Amino acid sequence: MNYPSPQALAERFHFNARLIHMQARGLTHAESLLQLPFRGNCFNWVVGHILTSRDTCLRLLEQPAALSAGQLALYDRGSEPLTHAEQAVPLEDLLALLDEAGRRLNAALEPLGEAELAREVAFGRQPQPLGEALAFLQWHETYHLGQLELLRQLAGKDDKVV
């Protein structure tokens, strides 16, 4: 087995969600839409994008998605930068969706055993074990978590929450 146990995955996803909430603390919706002066995207987009990955986890675990198709289009890889408050999902709503996705993800991971984690699923360029796909998606969240710290500072928070 080259991937974490279901319990370890659930703990890591929960830890990531806590960090996202810590970085979002005190940010307004408008502040969550501030764009960097170079190629990148805003805090709101990064949180929404993390949700698209959580939806992929939920799909792999045969659970319903947290985001609607329209919301997914806003936050999917390669989507346009969010520059208008009315086109973005309010930050508070994204955080609530993150919590709901986390609860469902945890419930779906809890009963899994090694056999289920070894089951081949369609993910990426070729089928791979469910456990490897989930471990990659959890890592993908951590990649974006570091961006949130910088985007929080862009909003003028000038603090250290982690």
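Biologist: Which residues does Gln23 touch, not counting residues up to four places away in sequence?

Modeller: In this predicted model, Gln23 touches Phe43, Leu148, Glu149, Arg152, Val161 and Val162. Gln23 itself lies in helix H1, residues 6-24.

Biologist: What makes Gln23 count as buried or exposed?

Modeller: Buried means under 20% relative accessible area. Gln23 has 3%, so it is buried.

Biologist: And Phe43, what is that in contact with?

Modeller: Leaving aside neighbours within four places in sequence, Phe43 is in contact with Ile20, Gln23, Ala24, Leu27, Ser32, Leu91, Leu148, Leu151 and Arg152.

Biologist: Which residues touch the most other members of the largest nonpolar core?

Modeller: That core has 48 residues, and the ones touching the most other members are Ile20, Phe43, Val47, Leu61, Leu109, Leu134 and Leu148. H1, H2, helix H4 (91-109) and H6 each supply at least two residues, and H2 gives the most, with 9. As a general point, nonpolar side chains tend to be buried together in soluble globular proteins.

Biologist: Why are H2 and H6 called roughly antiparallel?

Modeller: The axes of H2 (residues 43-60) and H6 (residues 130-154) cross at roughly 170°. Angles over 145 degrees count as roughly antiparallel, so that is what H2 and H6 are. Their axes come within 9 Å.

Biologist: What kinds of residue make up the contact of H2 with H6?

Modeller: By class, there are 12 nonpolar, 6 polar and 3 charged residues. Those from H2 include Phe43, Val47 and Cys57, while Leu134, His144 and Leu148 are among those from H6.

Biologist: Since you mention cysteine, how many disulfides does the structure hold?

Modeller: It holds 0 disulfides. To count, a pair of cysteine sulfur atoms has to be within 2.5 Å.

Biologist: What about Cys42 and Cys57, buried or exposed?

Modeller: Cys42 is at 0% relative accessibility, so it counts as buried. Cys57 is also at 0%, so it counts as buried too.

Biologist: What makes the phi of Glu62 worth a look?

Modeller: Most residues other than glycine have a negative phi. The phi of Glu62 is near 60°, a positive value in a residue other than glycine. Glu62 sits in the loop between H2 and helix H3 (69-75). Exposed means over 50%, so at 65% relative accessibility Glu62 counts as exposed.

Biologist: Where does Asp158 lie, and what is its phi?

Modeller: Asp158 lies in the segment after H6. Its phi is positive, about 40°, although Asp158 is not a glycine.

Definitions and conventions. Residues are numbered from 1 along each chain as its sequence is written. This is a predicted model: local features need pLDDT of at least 70, side-chain atom pairs count only at pLDDT 80 or more; totals for chains, interfaces and linings use all residues. Side-chain values use heavy atoms; hydrogens and water are left out. Axes are lines fitted to C-alpha atoms, for helices over the stretch in contact, and angles run from 0 to 180 degrees between N-to-C directions. Helices (H or I, at least four residues) and strands (E, at least two) are DSSP runs, numbered from the N terminus. Angles under 35 degrees count as roughly parallel, over 145 as roughly antiparallel, 65 to 115 as roughly perpendicular and the rest as oblique. Contact means heavy atoms within 4.5 Å. Ala, Val, Leu, Ile, Met, Phe, Trp, Tyr, Cys and Pro count as nonpolar, Asp, Glu, Lys and Arg as charged, and the others, Gly among them, as polar. Buried means under 20% relative accessible area, exposed over 50%, partly exposed in between (1.4 Å probe, protein chains only). A nonpolar core is a set of buried Ala, Val, Leu, Ile, Met, Phe, Trp, Tyr and Cys residues joined through side-chain atoms within 4.5 Å.
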